Each structure stands twice: as structure tokens, then as C-alpha cells.
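Hello,

Here is the structure for you to look through. My notes follow below it.

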Amino acid sequence: MLLDANHVRRGASLVADVCVIGAGAAGITIARELDGAGLNVLVLESGGFNFDKATQALYKGKAVGLPLDPKVDVGLDGPRLRYFGGTTNHWAGYCRPFTALDLQTRAYVPRSGWPMALGDLEPYYLRAQEVCGIGPYEYTVDYWRREGLIDHPLLEAATTPHAVVQITDAPRFGEVYRDDLVASKNVQLCIRANVTRLALSADGAAVSKVDVATLSGNRFTATANVFVVATGGLEVPRLLLASNDRRPGGIGNENDLVGRHFMEHVNIASGVVLLATDFDGLAPYTPTPRTINHNGVSRDLSLQAVLLLAPDVLQAEGLRSCEVTIEYGFPVDDRRLENLFPGTRQGTALVRAEGIDPGVGAVVRVLCEQEPNPASRVTLTRARDKLGMPRIQLDWRITRDDRLSMLRTLRLVGAQVAQRGLGRLRVDIDGFVDADPPASDPLDYPVNIGCHHMGTARMHASSRSGVVDPDCRVHSVKNLYIAGSAVFPTSGANTPTLTIVALALRLADHLKTAAT
Amino acid sequence: MSNAKDVLRDQAAWGCPVGRRAFVGLAVAAGLGAHAMSRGSLSEAAAATPTRVAGQDPTTRRIAALGKAYLKLRPDEADKAFLLRNLPDVDTTRPVVVQLPALQRPIVDDFVAGRFVSVLGWQLAVTEARAAALVALGA
């Protein structure tokens, strides 16, 4: 069922068993799972079915820490989208699960460790594959090579492990699942409905209702037995912190954790690699469209190989998780390459003199995990949006250890490339040229973002260390749950959407079980 | 074709209509010319590029630049005798540059053993960095 919030009677109170706030990947997944489950579900989505500047402007905020992009001010509204389907409306579709090591407590990554193992998540990953429109739960080169869908001598020669990323051909959840929700008999989708406050019960133990406002001036409330906030890693803390009428620090913030531990995927074009190959040698690292037959259904997707470091190397060296791709090749003598990475000809001359004939100069891109850092945080400002909600400030920080880890990772990748006789790597992060020892301190090379907002309502078994428990329920509120990457305790180096969907499926199962 | 700055400006204005990975690609692919001009911290690489030396071909000059940078990192090794002692396969009667192919085995061994060094950003085996240093010293 579809409802426009502007058509709800002013001052009315909508009633449901489950109220889902936000219709992005997590919210839509939960609503679909509860379709036909015997529960009345209300989905409150801020936007309509298309991009709208006024609604998008509700996202505006201030970045005071690391710039989200070193060259252009993308603002806090740039990396996300506020309409039905959420940020999947510009999702590139990349899917890869966390590794087993990513979820473990690692002494060399402060505050790491999920309250679950990969095996606990895998049943949900299996189902998430289907929701995301990709193939089987298979991410190894061996599997896809056996299927005849990815192969290359580079991969056969690899001593560094590779994984295969699956890229969905249907990443827009809003387009793919709109009809399902509109046709549902027990799910009511209310668009243009902005939740401005979670109201606690008199004893403060539960959420009793939410306040809803529209940009046209309508206001009403919604009550439910259970509330799920699925608004993304920046809006989750905003709503929790702004709902401070009964608890001055905001909801779930008894231990000053809401909004802290903000994590991004540091995403950097890290330098040039000379490869003793032709352009086809980059093929495994380039997303390649394939048609697969999975469970009797033909499906289009793309496959891309990525380089990882082996778990024993990560542990021995104490490194963050990372994902490396080799992209955008040029002939090694191309003047454009020299413009992009000055000094390319020095390495080219050296390896040629050594008898290696480099055919391609390519850009190395690294996506890295950062440590959960309490100083990296989202807070409220005095500025307010058109609906009266406080705007947020993001102070994104990465640590010196994060930066050292990235440099060390690049060096190890360079050694692997050389060891395999493929050429040489030059680390040049937008003008920061790696030196031994590092030439500058505090290693302030520019970093880019992956547009992934994580960790601001982190999951932990203890309320002293997490905002939500392993069921994604806010520790101090018995009927309030958080869905989405805000609950990630650590980020891994994989794109987050597949895991967001897996956790949403897990939460939906929990809600169904709890309701019976 | 729009350039990277336009694309990024559009992203800011319209809510990131292109995925981040595509952005990085566009930025890299579209910003090639402007990119280098906009950077202010290329001096290290530029400074290490030697001025044209009579009698040296471009290959030798570029390798010598790497060697010079290595010796800046390891001034204690700026000694032909030391370098030759550590490069036993090098024949002192022939130019080092032409002997580099014969060093592949120890170079790979270096990488396997973790004996590599970052020179002007290049991840080089210690053996080849020392060979380049010999070139810089005129060997």
C-alpha cells in the first residue's frame, strides 16, 4: 500500500506493529521480509520516488575533520541520496562479504571484533545474494575459473590471494522493489514522511511514537510495537542524538557512544604499477559483464578480481584489511602517464634495462579499513534544517597507524608484483611520494572516500562498548532497533551493501520470531 | 567529455549520481592534464631528475637518478667498493647498466626475503637499488 505523508490527516497517529524508518537497502529489505508475515508494517520514507533538491537538502551538514574529498567539497549530502531506494540510487553494485578475519578481534586493530563469526552471517549472506541480484555465494577465483567466467595467467601466477567481486546489474533497490511494497497488503509505504523525533515512553524504556513532518508543513505521529531506524550511518546518530527530550544525551547514548567511531573506506589512487603485459593483462581487474545461470535463472552481472593480502600476512604485519585493484592502463611511455605520475620513466628505464618489457602503466587503487576511532564522530550543531532538526557535523579522522598500514600494504603489493616478475610499483598518492623512511610526518597524504558511512551506532555485546546488542537492538531501549552500516563494529575492506542486506535479513528474522 | 572537476561538481550539486568507483575512474581518466599541473608536491621527483649529462643516454640518466636518490637515503653506502662487495655478480670492467639482466635472480630473492626499499616511491629490491647507486657513481 502506498501513502503520501502530505495526505495524512494533520495530527493523526498511524498505527503499526513494526515501523521502519528509512527505505534504503536495509529498510526495503526488512519491509519485504515482513511482507506476508502477519505483521502490520509501516515504512516512513523521507523522499518520494525521485530525486528532489529540497528533500536532499535536509542532509546538508558540516565536515570539520578530514575532507571527504581532498579536491572538491562534496558536503555531507553528496555521498548519499534521500529518496525511495536511498543511496542504492547511486550504488555501483559492488558486492563482497566480510572475510572471517575481518570479523575477529584483532589485537592490532583497536576496538575490533564483531559479536558474531562469519559462519553466523553466512546463512544471511546466502539470502542477500538473491536480494542484491547477484550469483552464488562464491567469491574465490577458483570457483569462477571453474565456471569459465574469469581466467587469466595473472591470476594463475598469483602468490597474493585474489577475491572476485560480484557487481549486480540491478543495484537500484527503489526501482527493483517498489512494486513489491506498493502491492503488499500488510506493508504500508508512506513517502515524503520525515521522522523528526523518537519519543520515549514515560519510563524511558521504550519508544512510544515518532513525530513525522513533511516539507509542505503537515505533521502527524506514528506508533508501533517495534521501531527500526534504517537511515544510514549519518542520519542514525542524528535522530538518536536529536531525540533528547527525555534523555539529554539522546537515545541509546548513556555511554557516549552514539555518533562515535565513524568509519569510511579510505579509497586512494595510490600510484602507478608497470606491468610486463599488454592491456589485456588488466582484464581480470576490470569489471567484466557476464551472464550466469544460477538456480535455473539467467542473470546478468559483472565480475572483477581484486588483490588482497593473505590473513597470515595481515596478522603478522598487524595491518588493516585492504582491497587492491589495478586499473586504467596506459602505454608506459604515454606522456599522460608521466603527467599523472611523474617519475614513471625512471622505473620504466630500470626494468627495461633489467630485461623486463613493461607494456602497461596502470593505476593502483586501494580501498582500506580504518580502525574504529572514538574521536571520529558525528555530533549535532546549532544549525537546523527546514523541519527544525539539528544539522550534523562530521569530524572524520583516521589514525597514523591507519596511514602506516596503507603504506605498508602498498609496499607489500609492490613486492608481490616484482616477485612475480611483472614489473615495479611506484607509490605516489596524489603527490605524496613514498620514501624510506617516510619523508613526512604525520604522513598527511590526501585520501578519498568510498561513500560508505559506518560505525556510528556500533554493535557490541556490552552496552559499555556498543550502542546496539548483537540483535541490533539499542541496549537501553527494548523496542528500538538499528539497521544498516551504522551498526558495523569494523568496516572490512569490502563494499558494505551486501552485509547491510544480510544484517537486515537477520534482523527481519529476529522481528518475526519475536512477534510469534 | 566532461572533465573530472565538472563531474565532481555535479556530484556535489545533485547528490552523487555516479558511484564512487566510477568517480575515481573519471577523475583519473578525465583529469590527466590538469592533474599534474594542480599538484604542488612533485618537487622530490623533479629534483632527483638529473640535468642532461654529456655521454649519458636517457636510460642511464634515469637509472642514475634512482641511484642518487637511494644514496640520499643511505649515504653510508655511497662508496663504490662497498657497493661492489655487495654486488658480487657485477663485473667491474663493464658498464653496470648492461649487466642488470644478470641480477634478476638476486633481485627476486630480495623481494621474497623482504629486502626492498622505497626509492622516489619505487619499490625496489636492495640489489637493484645498489646497482642503480653504482650507475649514479659512474660505474
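A residue counts as buried if 20 or more other C-beta atoms lie within 10 Å of its own, exposed if 12 or fewer, and partly exposed in between, with C-beta atoms placed from the backbone. Strands (E, at least two residues) and helices (H or I, at least four) are DSSP runs, numbered from the N terminus.

This is a predicted model: local features need pLDDT of at least 70, side-chain atom pairs count only at pLDDT 80 or more, and totals for chains, interfaces and linings use all residues. Residues are numbered from 1 along each chain as its sequence is written, while chains are lettered from A and ligands numbered from 1 in the order in which they are written.

In chain A, 5 of the 5 residues of β18 (residues 425-429) are buried, so the strand is largely enclosed by the rest of the structure. Leu425(A), Val427(A) and Ile429(A) point one way; Arg426(A) and Asp428(A) point the other way.

Two strands pair if DSSP finds at least two bridges between them. β11(A) (residues 266-275) runs antiparallel to β18(A), with 3 bridges. There, Gly271(A) has Val427(A) as its bridge partner. β19(A) (residues 432-433) is also antiparallel to β18(A), over 2 bridges. Asp428(A) sits opposite Val433(A). β18(A) and β19(A) make a hairpin with 2 residues between them. In that turn, Asp430(A) has a positive phi of about 50°.

**A three-stranded sheet**

An open sheet of chain A has the order β4-β17-β16, with mixed pairing. β4 (62-63) and β16 (377-384) each have a single partner strand, so one side of each lacks a neighbour in the sheet. β4(A) pairs parallel with β17(A) (residues 390-395) over 2 bridges. Lys62(A) stands opposite Gln393(A).
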